[in-house]
Amino acid sequence: MDRLIVISNREPYVHEYNGESIDCSVPTGGVVAAIDPVMQNAKGTWIAWGSGDADKDCSDTKGCVKVPPEDPKYTLRRIWLTQKEVNDYYLGFSNRVIWPVCHLFQENAQFRKNYWETYKSVNMRFAEAAAEELEKGGKVFIQDVHFSLVPDMLRNKVPEAAIALFWHIPFPAAETFSCIPWRSDILKGLLSADMIGFHTKAHADNFIATVCREFPQAKVNNNIISYNGRRTKIAAIPIGIDYTSYAKNGSMPSIIKGAETTRKSINAERIILGVDRLDYTKGILNRFLAFERYLESSPRAREKVSFIQIASPTRVNINEYREMKRKIEENIGRINGRFQTPSWTPIIYINRKVDEDKLLMLYRIADVAMVTPVIDGMNLVAKEYVAVNDKGVLILSEFAGASEGMKDAIVVNPYDIESMAKAIQKALKMKQKDKINHCTKLRKEVKDHDIFWWLDEFFRQWESDC
Ligand code: ADQ
């Protein structure tokens, strides 16, 4: 594989002070989880925002450090951002403009000019770093919505550069995306890439329709957009996980032993699990309401079934996230207050990131995993659970990109609380042979379309004639 230059907002390794010493951790999030194994194979440079308070002390004068720290495989080049830049470009434009609009929560969007101005200047800083890295050769693979302008900015500096971008979140209908005042610049910025990838055909089709609405002179042939003298391939390539590593690590003796201990510490016969960033798109409250309905309609399940929800804090400075957290916690209190007994807690809520081993143990002990976003680009938790647990049952929202390939899951509409309650009942009652059949099919799908397949497919399409 060619030398790879990856650009993403979140860095894959964060150095932080812990008293006198420095800890290095891997942040929560789908993009890092997906791309790190790829970079470990490809070598090259990953350019990202240096967000840790000890990052500077662990990097050279160019912001570079070799990672992973215990077994260095590639270079992480950090870009330093001021607090104002983080507020306006990341929390502002990425998370309060593009994220809500693309997830159909336009009412949460704040179209502020200062967000846009900072987004442009930060994109330029990343484009400059990438241009410098390109002097050593390679291809530039840009991750996500934070950098929609980088393809064009970089192309202006290095006209012949190989540039592609993957859009990790949904792409909405043309009328929805077009509510962004700067839509035209965003689309132009993106169309300087040779290829743009989406998780699903529906997202790719929406992008093409949005471009055609904005630029009537654009021509589309076989998913190739010709515009402004350039051709851009639009592809639907669903991202996967490192299946083999999840399956292998999930069956290590230390994980099996830890899982048994964790299992014994929970006073319930059956466990349902949710794992998410605490985001308003993930449908966390919907699944609690369904669990409440299930407990109402199945009195015998009380004191027998517990729901463990791991919810890692995210974007905590944004009002809508604080409000959603308050609402979720209020409902957990209400539901627990309604059903709890001295020896049994219906919803066990852990509001933090758990480490990888703990996550594997929880995946192992969960009889059922509920992945019920109201909208999601893909959702990696659904795939991780299936890779680790070969006897569990997956309840999956029809609005997660993952449901396109994982058709053998129990697929639900997260807005339909009554039928989600029935899905819980169905999952918990599933016979052993049906569970094995369910898991075998899902595991095959996740294994066949793992992260390495995704990358190969992405590169195959990028390199094939445009
Ligand atoms: P995210 O919305 O961040 O990513 P997702 O696909 O759900 O989402 O992945 C989250 C990752 O974080 C998983 O690897 C999961 O294990 C981990 N995680 C979540 N909560 C955790 C916790 N409390 N403790 C530890 N780990 C936790 C975006 C898009 C998705 C898309 C990915 C990849 O929004 O739709 O699937 O990018 O493209």
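A: Strand β9 (residues 195–198) and strand β12 (residues 230–236) run parallel and are joined by four bridges. The model is a predicted one, in which local features need pLDDT of at least 70 and side-chain atom pairs count only at pLDDT 80 or more, while totals for chains, interfaces and linings use all residues. Residues are numbered from 1 along each chain as its sequence is written. Helices (H or I, at least four residues) and strands (E, at least two) are DSSP runs numbered from the N terminus, and two strands pair if DSSP finds at least two bridges between them.

Q: Which residue of β12 stands opposite isoleucine 196?

A: Strands of a sheet pair through backbone hydrogen bonds, either parallel or antiparallel. Here isoleucine 196 faces isoleucine 234 of β12, and glycine 197 faces alanine 235 of β12.

Q: How many bridges join strand β11 to β12?

A: Strand β11 (residues 224–227) has four bridges to β12, and the two run antiparallel. Isoleucine 224 has lysine 233 of β12 as its bridge partner. A hairpin is formed by β11 and β12, with two residues between them, and asparagine 228 in the turn has a positive phi of about 60 degrees.

Q: What is the order of the strands in the open sheet of ten strands?

A: The order is β5-β6-β4-β1-β7-β8-β9-β12-β11-β10, and the pairing is mixed. At the edges stand β5 (64–67) and β10 (219–221), each of which pairs on one side only. From one strand to the next the twist averages 20 degrees. For such values, axes are lines fitted to C-alpha atoms, for helices over the stretch in contact, and angles run from 0 to 180 degrees between N-to-C directions. Helix α4 (residues 150–157) packs on this sheet, touching β1 (4–7), β7 (139–143) and β8 (163–166), and its direction makes about 170 degrees with that of β8. Two residues are in contact if their C-beta atoms, placed from the backbone, lie within 7 Å.

Q: How is the open sheet of six strands paired, parallel or antiparallel?

A: Its pairing is parallel, in the order β15-β14-β13-β16-β17-β18. The edge strands, each pairing on one side only, are β15 (347–350) and β18 (410–412). Within the sheet, strand β13 (residues 270–277) runs parallel to strand β14 (residues 305–312) and is joined to β14 by eight bridges. Leucine 273 has isoleucine 308 of β14 as its bridge partner. Helix α10 (residues 284–297) packs on the sheet and touches β13, β14, β15 and β16 (368–371), its direction making about 165 degrees with that of β13.

Q: At what angle do α10 and helix α11 pack?

A: Angles under 35 degrees count as roughly parallel, over 145 as roughly antiparallel, 65 to 115 as roughly perpendicular and the rest as oblique. Helices α10 and α11 (residues 319–339) pack at about 10 degrees, with their axes 10 Å apart. Therefore α10 is roughly parallel to α11. Ile284, Leu285, Phe288, Glu292 and Leu295 of α10 meet Lys327, Ile328, Asn331, Ile332, Ile335 and Phe339 of α11. By class, this contact has eight nonpolar, one polar and two charged residues. In this division Ala, Val, Leu, Ile, Met, Phe, Trp, Tyr, Cys and Pro count as nonpolar, Asp, Glu, Lys and Arg as charged, and the others, Gly among them, as polar.

Q: How do the axes of α2 and helix α3 cross?

A: The axes of α2 and α3 (residues 113–133) cross at roughly 110 degrees and come within 8 Å. The two helices are therefore roughly perpendicular to each other. Among the residues in contact are Tyr89 and Phe93 of α2 and Trp116 and Tyr119 of α3. The contact of α2 with α3 has seven nonpolar, three polar and three charged residues.
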